[in-house]
Amino acid sequence: MSLANIRQGSLVLVDAARVQSRGAIYVAQARIRQMMKWIWMIIGIAIANPVLYLISVGVGLGGLIDQSVGPAGVDGVKYLTFLAPALLAQAAIQGTMDETIYPTLEGFKWHKTFYSMNSTPLSGAQISYGVFLTALFRAFYTVVLYFGVMWAFGALESPRAWLAIPTAIFAGASFGALMQAMAGKLEDENIFFVVLGRFVMMPLFMFSGTFFPLTSMPFFLQWIGWISPLWHATELGRHLTYGHAISPTMIWVHFIFLGIMLVLGLFFSARIFTKRLAK
Amino acid sequence: MSNPLISARGLTKKFGDFTAVNGIDFDVYKGESFGFLGPNGAGKSTAMRIIGATSQRTSGTISILGKDPELHGPQIRAHLGVVPQQDNLDMQLSVAENLYIYGRYFGLPRSFVKGKVDELLAFAQLEEKRDAKVETLSGGMKRRLTIARALVSEPEILMLDEPTTGLDPQARHILWDRLFRLKEQGVTLLITTHFMDEAEQLCDRLMVMDKGSIMAEGSPAALIKDYSTKEVLEVRFGSDRNQEMADKLRTMCDRIEELPDRVLMYTEDGEALLEKIYAANLHPKTSLVRRSSLEDVFLRLTGRTLIE
């Protein structure tokens with residue numbers, strides 16, 4: 001064993017400027033390395049989830065609905081075609097949530113790995129962006145796989161349906177960024193998970209026009225859809241996959257809503273990470 | 001002497017009303033092994049986090065490698081190797097991967113880090129554990145891995161916060177051996193500890209801290225010389241009689257300290273003092289003559305023991 005090689009003080013060796021420009025990528029690379037330990041499970045879930053959903057709700061329940069509504073269909077199409085874009089966006093949101101909330105809790109609380117990252121030239125903001133980039137990566141392949149299953153089920157009618165992939169990822173990114181900022185604030189995660197699951201995710205899933213058009217809800221419940229990234233992404237997805245009619249103004253509204261959410265989420269999560277690490 | 005690598009004046013850190021570090025001054029020079037000795041809660045870790053350019057000070061000045069950490073955190077951290085009190089390793093990754101990703105955080109090229117990982121695994125005596133998950137390592141192995149990780153960027157200063165707390169005696173000795181080798185090579189070490197034996201073994205110069213303030217500063221030998229006598233006689237009369245006897249013993253030497261289980265008598269010649277005690281017809285149940293240690297210095301300065 002040679003110790004002669006343990007050197008110190010190589011001021012030339014480390015280039016802080018390089019880390020300043022690429023830090024978030026280094027964090028994402030490390031996170032993806034972790035993710036690769038579970039990759040088959042993640043891919044399995046990413047495929048099984050749409051297959052099961054589309055069979056049970058799309059084909060099973062959808063068959064019943066299609067029979068009763070007749071040739072007019074739901075929003076002019078088969079129920080499966082109507083439902084699929086919503087599930088696509090939901091899958092993106094679930095994927096980014098998993099990849100932002102858990103790593104953030106692990107980094108600050110469970111194993112305190114963010115503190116070790118922060119003892120290198122990496123800044124709190126870079127750590128937050130790196131975690132976020134990883135979540136985007138997860139959302140990307142989750143959505144691509146989901147989209148493949150949708151195609152196999154014949155749920156895509158428009159030639160530009162593939163554009164629903166980026167809009168779904170966009171929704172995932174917006175919600176994920178906000179969740180990451182929230183998770184960065186958490187001291188006690190147990191209550192958070194209960195509240196998030198039962199009072200946020202569940203209502204969003206049920207009341208975002210996922211299973212039926214938002215307009216068939218009583219007016220006083222429609223606001224849930226309006227604040228839900230899932231509804232905005234679902235509207236865009238329906239427009240793109242089968243030509244659901246929305247006005248150009250509303251297309252802008254959907255994009256701007258998701259955009260604002262994304263910018264706020266990223267801004268606050270960078271700030272919260274920086275502050276918490278500097279305590 | 002050359003310019004100090006670290007220089008602090010009036011360094012203060014408050015958390016709300018609580019003052020964790022209370023206006024401390026110190027300088028650390030290149031190649032020296034500098035220690036913060038004090039009990040838990042003395043403010044050592046807080047001071048370390050400020051020096052590590054992560055935690056922001058409340059007031060005072062500090063310069064690390066000639067820079068202010070508030071303005072140049074990343075540039076300073078690029079040249080520090082930090083071993084925190086808690087091994088915040090990545091539990092899901094292997095031993096080698098932990099070293100690799102950490103090296104990448106410094107922006108080091110892949111090929112360089114790969115070579116470095118082999119070197120560090122050898123240094124930390126973890127070659128056989130290369131592909132093992134960190135979860136499966138013993139406490140001592142995790143600690144060595146954390147130290148190896150801190151060396152990946154060939155830092156100017158290696159900072160160790162309580163390096164051997166929670167380790168069994170054998171693991172401590174292995175670790176001390178590794179640290180001693182680094183010290184021999186002239187690596188600048190900054191260590192916090194509440195173990196006096198660790199401070200004596202590893203530190204050239206020490207700051208004794210208590211409740212956020214510096215109580216004394218100097219080499220272990222100088223501190224002992226300045227704040228204690230050459231020898232200490234420890235006598236036990238049984239816990240119910242120690243106090244009563246202490247009053248009689250007080251007149252026989254420079255200074256005594258009553259602890260719950262024993263009385264410490266400070267003197268230049270322990271054996272002679274013991275004879276005097278017997279001559280006075282006092283009969284301790286047990287007695288022990290030993291050299292003064294940093295524990296005695298701390299007791300003298302604060303009236304308390306290091307490990308409570």
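Modeller: We can go chain by chain, then look at how the chains meet.

Biologist: What kind of model is this, and what are the ground rules?

Modeller: This is a predicted model, where local features need pLDDT of at least 70, side-chain atom pairs count only at pLDDT 80 or more, and totals for chains, interfaces and linings use all residues. Residues are numbered from 1 along each chain as its sequence is written, while chains are lettered from A and ligands numbered from 1 in the order in which they are written.

Biologist: What are the ipTM and pTM scores?

Modeller: The ipTM is 0.88 and the pTM is 0.90. Chain B averages a pLDDT of 92, and 99% of its residues score at least 70. pLDDT is the predictor's confidence in each residue, from 0 to 100.

Biologist: Chain A next. How many helices and strands are there in chain A?

Modeller: Chain A has 10 helices and zero strands. Helices (H or I, at least four residues) and strands (E, at least two) are DSSP runs, numbered from the N terminus. The C-alpha atoms of chain A fill a box of roughly 80 × 40 × 35 Å along the principal axes.

Biologist: And how much of chain A is buried?

Modeller: Of the 279 residues in chain A, 46% are buried. Buried means that 20 or more other C-beta atoms lie within 10 Å of a residue's own; 12 or fewer is exposed, and in between is partly exposed, with C-beta atoms placed from the backbone.

Biologist: How far does α5 of chain A reach?

Modeller: Helix α5 (residues 124-152) of chain A has 29 residues and spans 43 Å from first C-alpha to last. That is close to the 42 Å expected at 1.5 Å a residue. The expected span is 1.5 Å times one less than the number of residues. Just after α5(A), A:G154 takes a positive phi of about 70°.

Biologist: Which residue other than glycine has a positive phi near 55°?

Modeller: A:K112 does. A:K112 sits in the loop between α3 (79-110) and α4 (113-118) of chain A. A:K112 counts as partly exposed because 17 other C-beta atoms lie within 10 Å.

Biologist: What about B:E162, buried or exposed?

Modeller: B:E162 is buried, because 22 other C-beta atoms lie within 10 Å. Its phi is near 50°, also positive. B:E162 lies in the loop between β6 (157-161) and α6 of chain B.

Biologist: Switching to strands. How covered is β3 of chain B?

Modeller: Mostly covered: five of the five residues of β3 (33-37) are buried. B:S33, B:G35 and B:L37 are on one side, with B:F34 and B:F36 on the other.

Biologist: Which strands pair with β3(B)?

Modeller: β7 (residues 188-193) of chain B runs parallel to β3(B), joined by five bridges. There, B:L37 has B:T193 as its bridge partner. β8 (residues 205-210) of chain B is also parallel to β3(B), over four bridges. In β8(B), B:L206 stands opposite B:G35. Strands pair if DSSP finds at least two bridges between them.

Biologist: Last one. How many residues of each chain are in contact?

Modeller: 37 residues of chain B are in contact with 39 residues of chain A. Contact means C-beta atoms, placed from the backbone, within 7 Å. On the chain B side, α3(B) gives the most, with five residues.

Conventions
Two residues are in contact if their C-beta atoms, placed from the backbone, lie within 7 Å.
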